[in-house]
Amino acid sequence: MTWGIDDDVLRELIENCSGEPYSLAQYPSEEQLRFDLCIAHHLFAHYKMDELVWNHLSVRTHPTSEDYLITSFPHMFEDITPGNLSLSSGNLTGMVIHSAIYRRRPDAKALCHLHSPAVLAVSCL
């Protein structure tokens, strides 16, 4: 059992994840993007790559759009569902970081920023 989700259920969710690179010609629906991003959150949590509520994963809603789905504040990665991902995280820092990168890198389709213990240690030097 992992964060309230049975490991078999998690495996089934991962199997249903699109798993294919997103292309301009066949970009996934918002529903599929929400599902895939939800699975990504749970995988990051499973591998202990999350740190409380100060990490964010996001995905563009369309390759030519500046809109993106992002971790909603103040949810832990293990509590993310497709329905609680938002077009606005409610966290100014997450929005500033992701918006700036998406504007400068139109080729970026998904982003993550994390506060793992190793990164925090280096930033304190």
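## Close-up views of a predicted model

**View 1. Helix H3 on the sheet.** H3 lies across S1, S2 and S3 and runs at about 140° to S3. Contact means heavy atoms within 4.5 Å. Axes are lines fitted to C-alpha atoms, for helices over the stretch in contact, and angles run from 0 to 180 degrees between N-to-C directions. Helices (H or I, at least four residues) and strands (E, at least two) are DSSP runs, numbered from the N terminus. This is a predicted model: local features need pLDDT of at least 70, side-chain atom pairs count only at pLDDT 80 or more, and totals for chains, interfaces and linings use all residues. Residues are numbered from 1 along each chain as its sequence is written, and side-chain values use heavy atoms, with hydrogens and water left out.

**View 2. Helix H2 on the sheet.** H2 also lies across S1, S2 and S3. Its angle to S1 is about 155°.

**View 3. The open sheet.** The order of the 3 strands is S2-S1-S3, with antiparallel pairing. S2 and S3 stand at the edges with a single partner strand each, so one side of each is left without a neighbour in the sheet. On average, neighbouring strands of this sheet are turned by 15° against each other, direction ignored. Two strands pair if DSSP finds at least two bridges between them. S1 and S3 (residues 110-113) share 4 bridges in the antiparallel sense. S1 and S2 are joined by 3 bridges and run antiparallel.

View 4. Buried means under 20% relative accessible area, exposed over 50%, and partly exposed in between (1.4 Å probe, protein chains only). In a regular strand the side chains alternate between the two faces of the sheet. His-56, Ser-58 and Arg-60 point one way from S1, whereas Leu-57 and Val-59 point the other way. Across to S3, Leu-57 stands opposite Cys-112. Across to S2, Ser-58 faces Ile-70, and Val-59 stands opposite Leu-69.

**View 5. Phe-44 and Phe-77.** The model has 2 aromatic pairs. Rings of Phe, Tyr and Trp (its six-membered ring) pair if their centres lie within 6.5 Å; planes under 30 degrees apart count as stacked, over 60 as edge-to-face and the rest as tilted. Phe-44 and Phe-77 pair edge-to-face, at 6.3 Å centre to centre and 70° between the planes. Phe-44 lies in H2 (residues 30-46) and Phe-77 in the loop between S2 (68-70) and H3 (92-104), so the pair ties together parts that are 33 residues apart in sequence. Phe-44 is buried, with a relative accessible area of 18%. Phe-77 is buried too, at 0% relative accessibility.

**View 6. Tyr-68 and Tyr-102.** These two rings form a tilted aromatic pair, 5.1 Å centre to centre with 40° between the planes. Tyr-68 sits in S2 and Tyr-102 in H3, so the pair links distant parts of the chain, 34 residues apart. Tyr-68 is buried at a relative accessible area of 5%, and Tyr-102 is buried at 3%.

**View 7. Cys-38 and Cys-112.** Which of these cysteines is buried, and which partly exposed? Cys-38 is buried, with a relative accessible area of 8%. Cys-112 is partly exposed, at 44%.
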